[in-house]
Amino acid sequence: MSSKNTQAGADILIVGGGLSGTMLAVQLLRLPGRRRIVIVESRSELGRGEAYSATELGHTLNGNAARMSVDPDNADDLTQWLGDYLAAGGWPESDEQQVPVAELFPPRGIFGLYVQQRLAEARAVGARHGSTVEHMRGEAVDLQSDASGVVLTLTDGTLLMSRFGVLATGMFAAARTPQRDSNALNAAAVDPWDVNAMRQLDPGGRVLIIGSGLTMVDAVVSLEQAGHRGPIDVFSRHGLLPHVRRQPPAWPDFLGADHSIRSTRQLVRALRMQCEQAIAQGIDWQAPLDTVRVHIPRLWSQATDLQRRQFVRHVRPWWESHHHRSPPPSARLLDRFVEEGRLSIHAASLLSVEEPHSGQVRINVRYRGDDQPTVETGAALINSTGIQYDWRRVDRPLTRQLLARGLVQPGPLALGIAADPGGAVVDAHGQVSSRLFAMGPPLRGLWWESTAVTDVALQAKALAARIVTSV
Ligand SMILES: Cc1cc2nc3c(=O)[nH]c(=O)nc-3n(C[C@H](O)[C@H](O)[C@H](O)COP(=O)(O)OP(=O)(O)OC[C@H]3O[C@@H](n4cnc5c(N)ncnc54)[C@H](O)[C@@H]3O)c2cc1C
């Protein structure tokens, strides 16, 4: 396993320096003990990943500052940081939201600065007891692991050895995966977060967007910023738009009080009743819904595969649009576009994408209730179908190698990879690793909700404690 490119051993090697990898490093640095942490990250900056590299001010968090702390022990952490940032003259446009700091929806790029500052502070704490963190820039393409540790290979052949490895590789955009039916879509579509590509589009041309979730919301915000003024048509199977996030009052934790609720059907029935009660009392239905979030990991991990499948099939579209809500500034923009007749949402399935013709993209869709397909044409196509969680369909060297080596196996419903509840990965033979861990989106199958800021923050703290107590 050694070569002239072999680097001195690390204690903890983290693959991926987005929010997950960075917050894990923060938590490790804060713990007593001397350890060398190396983060392998292909981007130039740590703490950002796809989500927090956003340069558009209109690409905001989908929750307000009070909900997005990265410190599980201090819910006000982001609010406090943001207050200082505003006081120092940062983000002057925040005045437009006209709400207290805790209720602001910060741009995701600014949230990235917050994460980076927490890392800088943790570095200083770690330095006091001899702990360090290094950013090794590059792409990890292979990993070997045995009872003594892990060896990671980078694209240039460099080998990194470590006692522990952590897969914090995040989300893989569906647009970049070689799914059989999305090849043509990938080739023809604009990346929903590529702000520069939006500026190149015909400003008056019709834009077709596939997918109607929060990624679509980002794309519409970018189109507006890029000066696009033409019609936008959004196609998704159910035609459901994300609801706008409001600030509902507190509501009793009905799931905490009743652990007999386990199946999808029981959950939906109970939730419906709670929402009806809330509405009857003049209270926002978001109040009872918001109490459910914290119980999802427990409910999902207790469920059978059949129950999970039922949830994905029947409840998921509804869950996505009701739970993953739009930040109010973006929702207002979408409402305005709908009122002006510029934005239309269609319940229609994408059947195929044709070769562009005379500068026009052509797609075949089937509108809900129709037997026959319809051809739709536009000046541009945006793929907002979201995230590919099935690692077998992710076309990246590291994920391929990990599967080929049998070091990981697909998680429940092939969502991410299998792991024990503490994040230790399970290999193809069902063995729980003592050296290799995962966190964040790769654990989607284990917890269902494993990507939001609060999920990642909690996992980072628990995993750091587990790693430092492992021998
Ligand atoms: C556009 C977007 C907006 C979001 N908005 C919100 C929000 O408002 N609120 C909320 O709670 N959550 C939001 N999320 C969800 C969540 O906060 C993020 O997905 C979060 O960034 C997950 O962090 P991560 O580090 O696990 O993954 P990522 O951010 O995807 O980072 C993974 C990193 O790993 C690196 N990497 C991967 N493989 C390799 C490799 N082989 N070698 C080297 N580097 C590698 C990548 O370059 C990347 O930087 C959003 C997600 C997205 C994509």
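Ala, Val, Leu, Ile, Met, Phe, Trp, Tyr, Cys and Pro count here as nonpolar, Asp, Glu, Lys and Arg as charged, and the others, Gly among them, as polar. The model is predicted: local features need pLDDT of at least 70, side-chain atom pairs count only at pLDDT 80 or more, and totals for chains, interfaces and linings use all residues. Residues are numbered from 1 along each chain as its sequence is written, and side-chain values use heavy atoms, with hydrogens and water left out.

**Ligand site**

The shell around the ligand divides into 15 nonpolar, 11 polar and 6 charged residues. Of the 32 residues around the ligand, Ser-20, Glu-41, Tyr-52, Asn-62 and Thr-451 come nearest. Helix α1 (19-30) and strand β2 (36-41) each supply at least two shell residues; helices (H or I, at least four residues) and strands (E, at least two) are DSSP runs, numbered from the N terminus.

The table gives polar contacts, pairs of N or O atoms within 3.5 Å.

| Residue | Protein atom | Distance to a ligand oxygen atom |
|---|---|---|
| Leu-19 | backbone N or O | 3.0 Å |
| Tyr-52 | polar side-chain atom | 2.6 Å |
| Val-453 | backbone N or O | 2.8 Å |

Taken alone, the ligand exposes 980 Å², and the protein buries 92% of that (Shrake-Rupley method, 1.4 Å probe).

**Aromatic pairs**

Rings of Phe, Tyr and Trp (its six-membered ring) pair if their centres lie within 6.5 Å; planes under 30 degrees apart count as stacked, over 60 as edge-to-face and the rest as tilted. The count comes to 11 aromatic pairs. Tyr-52 and Phe-111 have ring centres 4.7 Å apart and planes at 45°, so this pair is tilted. Tyr-52 lies in the loop between β2 and α2 (77-87) and Phe-111 in helix α3 (residues 108-128), so the pair ties together parts 59 residues apart in sequence.

**Cavities and pocket**

On a 1 Å grid over the protein atoms alone, a cavity is a set of points where a 1.4 Å probe fits but cannot get out; a pocket is an open set with protein on both sides within 12 Å along at least five of seven lines; lining residues have an atom within 4 Å of a point. A volume is the space filled by probe spheres set on the points, which are joined across faces, edges and corners.

The whole structure holds 5 cavities of 30 Å³ or more. The largest cavity has about 120 Å³ of space. Its lining divides into 7 nonpolar, 3 polar and 2 charged residues.

The second largest pocket has a volume of about 430 Å³. Helix α12 gives the most to its lining, with 5 residues.

Terms used:
Near = heavy atom within 4 Å. Polar contact = N/O pair within 3.5 Å; in protein donor to acceptor, adjacent residues only side chain to side chain.
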